[in-house]
Structures are given as structure tokens and as C-alpha cells.
Amino acid sequence: MEGDAAAPAVTIKNIERELICPACKELFTHPLILPCQHSICHKCVKELLLALEDSFNDVGSDSSNQSSPRLRLSSPSMDRIDRINRPGWKRNSLTPRTTTFPCPGCEHDVDLGERGINGLFRNFTLETIVERYRQAARAATAIMCDLCKPPPQESTKSCMDCSASYCNECFKIYHPWGTVKAQHEYVGPTTNFRPKILMCPEHETERINMYCELCRRPVCHLCKLGGNHANHRVTTMSSAYKTLKEKLSKDIDYLIGKESQVKSQISELNLLMKETECNGERAKEEAITHFEKLFEILEERKSSVLKAIDVSKKLRLDKFQTQVEEYQGLLENNGLVGYAQEVLKETDQSCFVQTAKQLHLRIQKATESLKSFRPAAQTSFEDYVVNTYKQTEVLGELSFFSSGIDVPEINEEQSKVYNNALINWYHPEKDKADSYVLEYRKINRDEDMSWNEIQVCGTNKVVSDLEDNSHYAFRVRAYKGSIYSPCSRELILHTPPAPVFSFLFDEKCGYNNEHLLLNLKRDRVESRAGFNTLLAAERIQVGYYTSLDYIIGDVGITKGKHFWAFKVEPYSYLVKVGVASSNKLQEWLRSPRDAVSPRYEQDSGHDSGSEDTCFDSSQPFTLVTIGMKKFFIPKSPTSNEPENRVLPMPTSIGIFLDYDKGKVGFYDMEHMKCLYERQVDCSHTMYPAFALMGSGAVQLEESITAKYLEYQEDM
């Protein structure tokens with residue numbers, strides 16, 4: 001019995017690291033289970049959301065200007081804690097927004113949905129284990145009876161219904177046989193009296209009694225009858241309990257049976273660690289030897305260079321000294337002048353002529369040197385400047401010997417820039433590379449040309465915090481230990497001219513669900529030309545006039561600069577895209593038959609004669625026509641017509657709206673080139689506007705976020 005009693009204590013002691021919250025690094029307190037199946041303290045979730053909310057508010061409160069909708073928080077008018085517990089709200093009462101944050105355990109985004117923290121299960125099992133661990137840690141401190149008269153006795157039982165601890169005598173007194181209290185649940189001495197009842201987060205009054213096999217989570221009967229799990233396969237909680245317990249027991253038995261193998265592998269790992277330690281020290285010694293050889297060569301070259309400079313310096317100083325002495329001889333009462341003065345005192349003519357002739361030649365030579373003064377040597381040591389540029393470059397790339405790592409190549413087709421830049425690359429020796437370094441810089445001659453570096457484990461990366469309307473260069477190199485490959489060829493991308501405008505299609509404003517099909521994400525709309533058009537024709541010889549079906553964005557623009565992008569499917573017959581004011585949209589949507597004809601739309605892009613006479617220099621809308629794989633540039637009110645008004649349809653189209661200046665531009669996203677620009681009346685709220693006729697579809701550009709990148713990797 002003593003051995004059995006000691007075993008749990010050892011187990012509890014060894015599992016401490018499993019009971020640590022990944023956020024606060026302390027023992028769990030009221031742990032909650034996240035959708036990714038990791039647990040986190042209830043208080044840590046709140047603190048994390050509050051911190052993310054503060055950082056979000058520091059960036060800006062205008063939701064339409066957010067370039068990366070990674071964190072979506074609730075309305076500012078709600079109480080702060082309520083925003084965390086119930087973070088859902090609707091943009092313009094149409095678009096639901098949810099709160100997302102990275103899980104501290106796995107770094108994956110966690111979406112709390114409309115219910116926020118209230119939608120998370122409390123991990124009662126983990127909470128019980130933590131409590132047992134705490135009790136084992138304070139085993140020396142006994143839990144005393146709550147009902148004893150002083151001095152209290154040590155408790156032997158705790159009643160979960162009474163939330164109190166009792167000694168043997170008090171328990172018999174307060175739980176007599178034959179009474180209702182005799183049926184109370186009692187456990188060993190504890191201070192944790194929480195009720196162990198798992199309630200449904202969606203239906204707070206219902207107990208959990210089933211298990212959804214598709215979602216792999218417990219549910220109640222209301223979830224199965226009419227909730228999110230209505231069409232899912234569910235099983236009874238007892239069946240799920242039995243199945244999961246059998247699987248877990250088998251796994252544990254297998255691990256216990258492999259205990260000797262695990263110990264053997266641990267011993268092997270310890271030997272490998274020692275071997276690694278020895279090999280690492282040996283590698284360090286070899287590296288030090290190589291560097292010491294380099295130091296010796298540098299010292300020898302240093303000594304030789306300094307000696308040559310000293311020799312040249314001494315030679316020049318000697319020449320200067322000789323020249324100084326010669327010039328000092330020209331001074332009065334000194335040297336040559338003094339000697340000449342003494343010669344002038346000679347009265348014998350023959351003797352004077354004999355001496356004065358040679359002296360005259362010397363004085364004449366000295367006089368000429370005064371007229372054309374030249375130093376005897378150069379003071380500059382330009383010929384002795386050591387050029388270490390190439391050596392510095394080579395030393396900067398000094399690394400371990402490598403047989404060669406292939407250069408990674410950036411995939412230009414899969415790399416793009418929208419609100420952030422998504423860079424994809426491929427590597428022929430992907431498995432041989434430990435990591436990659438992605439380098440990028442803004443191309444601007446007036447600024448620093450240094451590269452920013454990001455270490456990446458995979459073969460793609462999202463780069464954020466890029467400036468608008470700028471060119472950026474990207475390149476990547478592979479690393480294997482300390483060995484690295486040369487850099488890839490540079491990729492140049494041009495960022496949009498303004499912050500990305502985030503919106504979805506509005507299904508509650510003018511949306512014709514008979515002609516248009518909107519997907520669940522509300523980022524793709526499709527127009528189907530089929531039996532509805534044929535059946536609408538009254539007679540065979542009289543065709544049915546098809547109208548334009550309008551759909552707009554669910555967010556309006558009242559100030560600032562904004563940019564959004566989308567794709568028009570190549571099979572589309574006729575699609576109009578652009579911007580329109582709220583009052584113009586009301587006019588169109590109230591009487592769509594009055595504005596169905598492209599001939600009477602002032603900016604339709606068709607070659608109708610009415611455009612020339614009805615074109616207004618500043619109107620409350622601007623739409624261009626796209627169809628049959630063509631992009632039509634509308635006619636201009638001036639004579640400055642473009643040479644070619646019909647262009648090939650771009651793969652992706654961008655729209656730039658400068659609300660304050662009243663200007664709208666249409667861009668080819670692949671080259672970030674403006675195809676058409678004009679003034680627009682922005683006196684009212686402006687909305688992204690789309691219209692379709694016949695078969696066609698428009699797909700909004702998906703924002704490049706870390707969550708999107710993870711989705712791509714899973715694919």
C-alpha cells in the first residue's frame with residue numbers, strides 16, 4: 001500500500017511542465033480550451049485581448065484604413081470587457097467581425113467568434129489535476145476541519161455539496177445516515193469546491209451530453225437539433241468517453257511497455273550530447289587556428305607596410321633638411337652671404353678675381369632657386385594608402401567550407417503585393433537548407449540602400465509595414481548551418497498608391513438574388529445568363545432586354561485615400577466597375593430600368609454617340625466597362641483621346657480613390673500601372689460599385705495575411 005501511495009506523488013511531481021500556462025508561465029488558473037485544443041488561463045485570455053486592443057487602437061481607429069485585418073475587435077461604444085466577452089459586431093449593420101489572436105502555445109490564429117470568451121469550454125480535467133498538484137506541493141500543510149470547536153482537528157473528508165471540510169466526527173454529525181445530506185458527494189481533503197458540471201457555451205442552461213465526431217468537441221442536444229451541429233454525426237457522451245479512454249489507455253500502456261527503449265534512447269542522446277560537445281570544442285579550436293594564421297599574415301603585412309612608410313618618410317625628411325641648410329646659407333651673416341662679404345674685402349685684384357668667379361656662380365645659382373622655389377620632396381603619402389576593399393569583402397563572406405548550395409529562386413507568379421507583400425520561392429535542395437533569409441529594401445536613391453533581413457523557416461513569407469506607392473526589391477538566400485548560398489535574382493514589386501480598403505459585397509442593398517449569386521464569404525459575385533432570360537421573353541420574335549444588375553460594397557468612404565483590387569473572370573460578357581455616390585445609387589436601385597442601357601450612361605465606356613454630348617467633367621460616379629477579355633477606356637470630354645481605347649483585360653484590376661481631391665484611377669495590378677484616371681464628385685459618401693450583365697463574375701482580392709499564408713501551406 002505504501003508503494004501505491006507513493007506512485008501518484010512521483011507522477012504529480014514530474015508533470016509540472018504540463019500544468020504551466022503558455023502565456024503567464026505559471027500554474028493554470030481556470031483554464032479554457034481554445035479551438036486549437038491548447039489551454040490558457042481565463043485571465044490570460046482577457047489580458048491578451050486587452051493588449052491587442054491597445055495596440056490596435058494605437059495604429060488607428062478607422063477600420064477601412066487597416067491594411068491587415070488580422071485583429072478584428074468590437075465597437076468602441078461597448079464596454080471594454082463586454083467587447084472581449086462578446087466581440088462580434090457588424091460593419092454598417094451588415095458585416096460580422098470577430099476577434100482573433102495568436103495562440104501562445106502554437107502561434108496559430110484563434111477565432112473566438114461572435115460569443116467571444118463565453119464560447120470557450122472550461123478545462124475542468126486540467127483544473128482538477130492542477131489542484132491535485134497544488135495539494136501534493138503543500139502536503140505538509142494539513143487542511144483543518146471547518147466545523148470543529150477550537151482547536152480544530154485535521155480534516156479527513158471534504159463535501160462538494162456543502163463546500164466544507166470535516167474531520168471524522170464532524171462528518172458523522174453533519175451527514176447522519178438516513179438524511180438527504182448522507183447522499184452528498186465527498187472527496188479527500190481539498191479547498192477546491194467547484195461544481196464539476198460541463199455546460200454548453202452556446203446554450204448556457206443545457207448540460208453537455210453528446211460528442212460531435214466531425215468537430216471533435218462536446219455538444220448539447222440543442223446544438224444537435226437546430227444549432228451548428230444539426231447535420232453532423234454525433235455519438236453519446238458515454239460512447240465517446242469509452243472510446244477515447246480506451247485509446248488513451250492503449251497509448252499509455254504502449255509507452256509504459258517501451259520504457260526500456262526510451263531509457264536506452266535517452267542514454268544514446270546523452271552520449272550524442274557529449275560527442276557534440278567534444279566535436280564543437282574541436283571545431284572551435286580549428287577555427288581559431290585558421291584565424292590565427294590570418295592574424296599572422298596580417299601582422300606580417302602590417303609590419304612590412306609600416307616599415308616602407310618609415311623609410312620613405314626618413315628619405316623625404318633628409319632632403320628637406322638639406323634644402324633648409326642651403327637656404328639658411330643665403331641669410332645675412334650666415335654661410336654663403338657672409339663668405340661673399342668677406343671676399344669683397346680683398347684688395348688684390350688678381351686674388352679677388354680668382355675667388356670671386358666661382359663665388360659669383362654659386363650666388364647666381366642660389367638667386368635662381370629663390371625665383372623658382374620647389375620643395376625637395378613630396379609631403380603626400382597617397383602611394384602608400386592600403387586598399388583593403390576586396391579583402392574586406394572576402395572576409396565579410398568568410399564561412400565554413402561548402403561544396404555549394406543551390407541558389408533559391410523567387411516565384412514571380414506566386415509573389416504579389418496588396419496590403420502586404422507575399423513572397424514565394426522554390427529551392428532545388430529544399431531539404432538541405434535549414435532556413436532562409438529574405439532581404440528587402442525600398443528603392444530610393446535619396447535614402448539608405450541597406451537591406452532589411454527576415455529569417456524564414458519555410459519557402460514563403462508575408463512582409464508588412466511597406467510604404468504606399470513605392471518600389472521594393474526582394475531577394476532570398478539559403479542557409480545550412482553557417483554556410484549560405486548566393487542571393488537570388490531580385491524581384492521588384494510596386495506597392496499600391498494608397499492604403500488597402502477592406503470591404504465585402506453588400507447582400508442587403510440592391511442585390512438581385514434572382515440574377516446574381518453571392519458566395520458565403522461575400523467576396524465573389526457571379527451573374528448567370530440562362531433559363532431566366534429565355535423564359536422572360538414574351539414572344540419568340542421579341543427579345544428580352546437584359547438589365548444591369550448592381551451590387552456595391554458594404555462600407556462607404558467619406559475621406560482619405562483608398563485602394564482595392566479584384567479579378568474579373570475572363571469569360572465575363574459585360575461587367576462595370578468603379579465608384580458611385582450614395583444618392584446616385586439610390587436613384588439607380590429605385591428605378592433600374594431607367595439606367596439599364598449603356599448608351600445612356602455617361603461613363604459606360606461604350607462607343608455610343610450620347611457620351612460625347614452628355615459627358616460631365618465631374619459626375620457623382622465613374623464606371624468603366626470590362627468584358628470579352630477587354631478593358632474599355634471611356635471617351636474624354638477633351639480632344640486628348642488615348643491612342644488605343646481598347647486594352648487587353650488585366651489579370652487583376654485595382655481602383656484608387658482620392659476622396660479629398662475628387663479623383664479616381666483604374667490600375668493594372670500586375671504592373672501597378674494607371675490605365676485611366678478622371679475627376680469624380682465626392683460630395684456624398686462613395687461606395688465601390690459593380691454591375692454585371694450576362695455571364696460573368698467578380699472576385700475581390702484576398703488580403704495577404706499570416707492566416708492566409710498558413711492556409712496556403714496546409715494546401
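Trainee: Is Leu-395 buried, exposed or partly exposed?

Mentor: Leu-395 is partly exposed, because its relative accessible area is 47%. Buried means under 20% relative accessible area, exposed over 50%, and partly exposed in between, with a 1.4 Å probe and protein chains only. Bear in mind that this is a predicted model: local features need pLDDT of at least 70, side-chain atom pairs count only at pLDDT 80 or more, and totals for chains, interfaces and linings use all residues. Residues are numbered from 1 along each chain as its sequence is written, and side-chain values use heavy atoms, leaving out hydrogens and water.

Trainee: Which helix is Leu-395 in?

Mentor: Leu-395 lies in α11, residues 389-396. Helices here are DSSP runs of H or I with at least four residues, strands are runs of E with at least two, and both are numbered from the N terminus.

Trainee: And which residues form the nonpolar patch on the surface?

Mentor: Leu-395 is in it, along with Phe-291, Leu-294, Phe-295, Ile-297 and Leu-298, and together they have about 570 Å² of accessible area. Helix α8 (residues 259-328) supplies the largest share, 5 residues. Patch residues have over 30% relative accessible area and no salt bridge; nonpolar side chains (Val, Leu, Ile, Met, Phe, Trp, Tyr) are joined within 5 Å, like charges within 9 Å. The areas come from the Shrake-Rupley method with a 1.4 Å probe, and for residues only the protein chains shown count as cover.

Trainee: OK, salt bridges next. How many are there in the whole structure?

Mentor: The search finds 17. A salt bridge is a side-chain nitrogen of Lys or Arg within 4 Å of a carboxyl oxygen of Asp or Glu.

Trainee: What does Glu-412 pair with?

Mentor: With Arg-489, the closest N and O atoms being 3.0 Å apart. That pair links distant parts of the chain, 77 residues apart: Glu-412 is in the loop between β14 (409-410) and β15 (416-417), and Arg-489 in the loop between β21 (483-484) and β22 (491-494). Glu-412 counts as partly exposed at 43% relative accessibility, and Arg-489 as exposed at 54%.

Trainee: Where do Arg-477 and Glu-453 lie?

Mentor: Arg-477 is in strand β20 (residues 471-480) and Glu-453 in strand β18 (residues 452-456), so the pair ties together parts 24 residues apart in sequence. Their side chains meet in a salt bridge at 3.4 Å, N to O. Arg-477 is buried, at 10% relative accessible area, whereas Glu-453 is exposed, at 52%.

Trainee: Changing topic: what volume does the largest pocket have?

Mentor: About 2,100 Å³. Of the 49 residues lining that pocket, the closest to its centre are Ile-33, Gln-37, Asn-123, Thr-125 and Pro-218. On a 1 Å grid over the protein atoms alone, a pocket is an open set of points where a 1.4 Å probe fits, with protein on both sides within 12 Å along at least five of seven lines; lining residues have an atom within 4 Å of a point. Grid points are joined across faces, edges and corners, and the volume is the space filled by probe spheres set on them.

Trainee: Which element gives the most to the lining of the largest pocket?

Mentor: That's α7, with 8 residues.
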